[in-house]
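Student: I would like to learn how to read charges, cores and backbone angles in a model. Please take me through one.

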Amino acid sequence: MEMETRKCLNCGKGLQGRVDKKFCDDYCRNNYNNHRNGTTNNLIRNINYALKKNRNILASLLPEQEDTAKTTREKLLHQGFQFRYNTHTYTNKKGNVYGYCYDYGYLELDHDWYLIVRNREA
């Protein structure tokens, strides 16, 4: 009867020990999993970074004691705001759609102006 040789999923070395062993050591296990999950984790990390940056930009434009403020699209873009990233949207009774980055939102007004709002309930 021929014995099947098991190999490390990362480096290909022969394995000895437990029948269900997949890696020769912790280094190979970590390296394999980091490589496998790297692309997905980078995508999530980049999106979370963009969302946090958008929130911080909105927060910086809205004074702490105020509930609303106005700014221009140009000013938002200059600070690095990315309109394609938001956590959710809210449509009010008038049909206006607010984009939100966590607890700060924005509404597009006329002539490239934006209304910035804070959701104090969050």
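Tutor: We will go through salt bridges, a charged patch, a core and backbone angles in turn.

Student: What should I know before I start?

Tutor: This is a predicted model: local features need pLDDT of at least 70, side-chain atom pairs count only at pLDDT 80 or more, and totals for chains, interfaces and linings use all residues. Residues are numbered from 1 along each chain as its sequence is written, and side-chain values use heavy atoms, with hydrogens and water left out.

Student: How many salt bridges does a search of the whole structure find?

Tutor: Start with the general idea. Side chains of opposite charge can pair when their charged atoms come close. A salt bridge here is a side-chain nitrogen of Lys or Arg within 4 Å of a carboxyl oxygen of Asp or Glu. The search of the whole structure finds three.

Student: Which residue forms a salt bridge with Asp26?

Tutor: Arg29 does, with the closest N and O atoms 3.1 Å apart. Asp26 and Arg29 are three residues apart in helix α1 (residues 26–61), so about one helical turn separates them. Helices (H or I, at least four residues) and strands (E, at least two) are DSSP runs, numbered from the N terminus. Arg29 is partly exposed, at 34% relative accessible area. The cut-offs: buried is under 20% relative accessible area, exposed is over 50%, and partly exposed is in between (1.4 Å probe, protein chains only).

Student: Which residue does Arg55 pair with in a salt bridge?

Tutor: Asp103, with the closest N and O atoms 2.9 Å apart. This pair links distant parts of the chain, 48 residues apart. Arg55 is in helix α1, while Asp103 is in the loop between β3 (97–101) and β4 (104–108). Asp103 counts as buried at 18% relative accessibility. Arg55 counts as partly exposed at 24%.

Student: Which residue does Asp20 meet in a salt bridge?

Tutor: Arg18, at 3.0 Å from N to O. Arg18 is exposed, with a relative accessible area of 59%.

Student: Which residues form the negative surface patch?

Tutor: First, the rule. Patches are made of residues with over 30% relative accessible area and no salt bridge; like charges are joined within 9 Å, nonpolar side chains (Val, Leu, Ile, Met, Phe, Trp, Tyr) within 5 Å. Asp and Glu count as negative. Here the patch is formed by Glu74, Glu108, Asp110 and Asp112. Asp110 is found in the loop between β4 and β5 (113–118). Asp110 is exposed, at 60% relative accessible area.

Student: How many residues does the largest nonpolar core have?

Tutor: A nonpolar core is a set of buried Ala, Val, Leu, Ile, Met, Phe, Trp, Tyr and Cys residues joined through side-chain atoms within 4.5 Å. The largest one has 13 residues. Those with the most contacts inside it are Leu58, Leu76, Phe81, Phe83 and Tyr106. The elements giving two or more residues to this core are α1, β4 and β5. Its largest share, three residues, comes from α1.

Student: Where does Ile116 lie, and is Ile116 buried or exposed?

Tutor: Ile116 lies in strand β5. At 0% relative accessibility, Ile116 counts as buried. The C-alpha atoms of Ile116 and Lys70 are separated by 6.0 Å, although these residues are 46 apart along the chain.

Student: What is phi of Tyr102 near?

Tutor: Near 60 degrees, a positive value in a residue other than glycine. Tyr102 is in the loop between β3 and β4, and is partly exposed at 38% relative accessible area. Phi of His111 is positive too, near 55 degrees. His111 lies in the loop between β4 and β5. His111 is exposed, with a relative accessible area of 73%.

Terms used. Areas by Shrake-Rupley, 256 points an atom, 1.4 Å probe, with all protein chains shown as cover. Charge placed at Lys NZ, Arg CZ, Asp CG, Glu CD.
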